[in-house]
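Take a look at the model below. The text then walks through its parts, one contact at a time.

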Amino acid sequence: MKQFDYVRPATIAEAVAAAAQPGSAYLAAGTNLLDLMKGGISRPDRLVDVTRLPGLDRVEYPADGGVRIGALVRNADLAHDADFARAYPAVAEALLSGASAQLRNAATVGGNLLQRTRCAYFYDTASRCNKREAGSGCDARGGENRLHAVLGRSEGCIATHPSDFCVPLVALDAIVEIEGKGGRRELPLEELHRLPGDAPERDSALSPGDLIVALRLPAAARGFAAHARYLKVRERTSYAFAVVSAAAALRLENGKIAEARLALGGVAAKPWRVRAAEQVLTGAAPTAAGFLESAQLALSGAKPSGENAFKIELARRIVVRGLTSAAAGTPERIPALPASPFASVSGALHV
Amino acid sequence: MTNSISLTVNGARREFVLDDPRVTLLDLLRERLQLTGTKKGCDRGQCGACTVLVDGKRINSCLALAISHDGADILTIEGIARGDQLHPVQAAFITHDGFQCGFCTPGQIMSAIGMIREAQAGDDPERIRECMSGNLCRCGAYAGIVDAVLEVQAGQDEAKQRLSA
């Protein structure tokens with residue numbers, strides 16, 4: 001690991017000023033950053049430790065009916081907050097389907113949003129990677145790319161965003177609060193992550209010094225609590241990133257879908273939300289044919305970026321499964337194996 | 001640059017001067033305190049062999065910078081027995097053959113203690129498997145590990161029933 005300076009600011013303003021200097025990186029739990037630093041993928045000159053900043057570790061329920069989650073709230077604490085899990089069950093399920101219990105106990109909400117891709121070529125410093133080193137090329141394109149992007153990719157980068165948490169958040173219109181050099185601003189989470197285009201080295205819309213301080217879900221997101229799931233196909237039963245995943249949420253009225261939300265994970269460099277796939281369900285009865293039509297729309301424009309054509313059909317099927325499962329009703333308790341499309345609600349199939 | 005931190009490790013308060021901020025909690029435990037029960041497996045947060053409790057919660061000590069944990073309370077495998085009396089999870093691992101080579105065992109045991117405290121899995125073997133998935137065992141002692149955790153959980157449930165009766 002390259003040497004670095006370590007600073008621990010006492011206030012958010014001090015943190016922003018320190019991190020705005022070139023070569024700086026914020027440190028929260030470090031569950032992704034330290035791994036990247038050990039591998040030489042991230043090489044910051046200065047770590048700005050934000051773990052002691054005051055007021056960022058609370059889950060608050062303001063009077064408007066939404067929720068405001070401090071950036072330093074731990075993934076496990078949020079998932080196990082009973083009020084949160086009841087109001088936003090697909091988000092809690094997504095959290096519990098990610099990483100391991102140890103990592104969820106440490107990893108923060110803000111860090112989860114800003115985690116880097118798990119593209120193996122990004123991690124391998126002997127390979128060319130435009131995301132790790134701008135302009136160096138992309139060895140994923142001609143390499144082992146069965147898990148890479150099928151939507152929104154560019155010539156320069158076919159990496160995917162790895163977060164489970166972000167997928168239902170984008171479906172539910174989450175908003176990110178950012179403190180930067182110009183003060184406080186807000187951004188829809190859907191606009192936080194960037195598609196690679198011709199600058200894959202830039203993962204997000206953040207500028208140097210920008211600090212995510214909180215994440216909000218609007219009151220309307222609670223309207224889906226009775227019919228919401230997150231489903232995720234993995235290459236092993238547990239403790240694995242998504243091959244493809246889907247967050248599906250429905251608001252049912254008199255047996256018809258009053259409103260639908262849908263986002264996909266594992267398919268692009270950002271959580272993938274297609275409003276046409278939601279709107280086609282509005283006013284319709286929850287039927288297999290309708291869900292298939294929604295899935296076709298969700299994957300419209302998808303193209304293999306290598307040996308990953310299977311992901312397109314797999315993603316369609318996880319959309320149909322997710323919508324079907326959401327229509328059947330949110331499980332009383334998060335299943336033993338969260339987000340598994342293979343498990344019944346009562347028991348998981350650990351193989 | 002030097003930085004001083006204090007940690008409570010297995011009940012004893014310790015002061016450390018860190019002349020390099022790169023030291024992980026894992027390396028500090030092993031190299032500075034010779035508490036080598038906590039194992040360095042992958043050193044990248046993938047195997048769980050380095051699991052310790054920090055402020056009562058299980059984490060991977062390989063992905064934690066010591067300097068960022070100033071003031072924390074750390075519990076390692078060396079701190080769970082009372083003299084010669086094994087911790088119930090240690091005893092259950094022996095009873096149920098929850099290990100073979102033993103390298104992953106300290107991490108498994110600390111993870112199991114953390115998991116039981118989290119009270120999410122209860123006595124459901126499927127939930128125990130899921131909640132222990134951050135600890136890999138290359139010998140494949142998983143069946144014994146689940147049985148060991150189940151036994152400790154059942155003992156706790158009985159004790160609770162006795163107390164409330």
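At what angle do the axes of helix H3 and helix H5 of chain B cross, and within what distance do they come? This is a predicted model. In it, H3 of chain B covers residues 105-118 and H5 of chain B covers residues 142-164. Their axes come within 11 Å and cross at roughly 35 degrees. The crossing is right-handed.

The residues behind this contact can be listed by helix. H3(B) contributes B:Gln108, B:Ala112 and B:Ile116. H5(B) contributes B:Ile145, B:Val149, B:Val152, B:Gln153 and B:Gln156. By class, five residues of the contact are nonpolar and three are polar. No charged residue takes part.

Now step back to chain B as a whole. Domain 1 of chain B puts 14 residues into the contact, and domain 2 of chain B puts in 13.

Which strands each supply at least two residues of the side of domain 1 of chain B that touches domain 2 of chain B? They are strand S3 (51-54) and strand S4 (57-60) of chain B. S3(B) has the largest share of that side, with three residues. The class count for this side of domain 1 of chain B is six nonpolar, five polar and three charged residues.

Next comes the meeting of the two chains. Here 26 residues of chain A are in contact with 29 residues of chain B. On the side of chain A that touches chain B, strand S1 (5-7), helix H2 (33-38) and helix H6 (101-106) of chain A each supply at least two residues. H6(A) gives the most, with five residues. By class, this side of chain A has twelve nonpolar, ten polar and four charged residues.

Last, look at the nonpolar core. The largest one has 159 residues. Which of its residues touch the most other members? They are A:Ala247, A:Ala249 and A:Leu262. Helix H12 of chain A, residues 310-328, gives the most to this core, with seven residues.

A:Ala247 deserves a separate look. Set aside its neighbours within four places in sequence. A:Ala247 is then in contact with A:Ala90, A:Ala94, A:Val167, A:Pro168, A:Ala171, A:Tyr230 and A:Ala263.

Notes:
Residues numbered from 1 in each chain as written. Chains lettered and ligands numbered in written order. Predicted model: local features only at pLDDT ≥ 70, side-chain atom pairs only at ≥ 80, totals over all residues. Contact = placed C-beta atoms within 7 Å. Helix = DSSP H or I, 4+ residues; strand = E, 2+ residues; numbered from the N terminus. Nonpolar A, V, L, I, M, F, W, Y, C, P; charged D, E, K, R; others polar. Axes fitted to C-alpha atoms, helices over the stretch in contact; angles between N-to-C directions. Left-handed = near helix turned anticlockwise from the far one by under 90°. Core = buried A, V, L, I, M, F, W, Y, C linked by C-beta atoms within 7 Å. Buried ≥ 20, exposed ≤ 12 C-beta atoms within 10 Å, placed from the backbone.
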